[in-house]
Amino acid sequence: MSVELRASDDDRQQVVAALQRHAEAGRLTLEEFSERVGEVYTARTLGQLAALTQDLPAEPPATAAATASNGRRDLLLIFAIAAVTLILLGVFMAVTR
């Protein structure tokens, strides 16, 4: 991709998310993070966005297996909450009869 292409809102959101992960990892101070996020929203091209993260290490791409695993874990958690709710409702109904 050409660095002169116009940046989209999605491109900006991805850079903000990356900056947030770097700040959480301790690579950016809160002041640096705030400053760079401000620059993200004024950036017009992909090159300007890339310049805001060029001094930070590249992040490994999320794998499909990790994403699927997170989805299964979330589904299992929802199922467990539903099961506990049904058990508590059954106990409540048995006690109040």
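Residues are numbered from 1 along each chain as its sequence is written. Because the model is predicted, local features need pLDDT of at least 70 and side-chain atom pairs count only at pLDDT 80 or more, while totals for chains, interfaces and linings use all residues; side-chain values use heavy atoms, with hydrogens and water left out.

The protein chain holds 4 helices and 0 strands, where helices (H or I, at least four residues) and strands (E, at least two) are DSSP runs numbered from the N terminus. Its average pLDDT, the predictor's confidence in each residue from 0 to 100, is 88, and 90% of the residues score at least 70.

The axes of α1 and α2 (residues 30–42) come within 10 Å and cross at roughly 175°; axes are lines fitted to C-alpha atoms, for helices over the stretch in contact, with angles from 0 to 180 degrees between N-to-C directions. The two helices are therefore roughly antiparallel, a label for angles over 145 degrees. Residues in contact (heavy atoms within 4.5 Å) include Val16 and Leu19 of α1 and Phe33 and Val37 of α2.

Beyond its neighbours within four places in sequence, His22 is in contact with Arg27, Leu28, Leu56, Pro57 and Glu59.

Notes: Angles under 35 degrees count as roughly parallel, over 145 as roughly antiparallel, 65 to 115 as roughly perpendicular and the rest as oblique.
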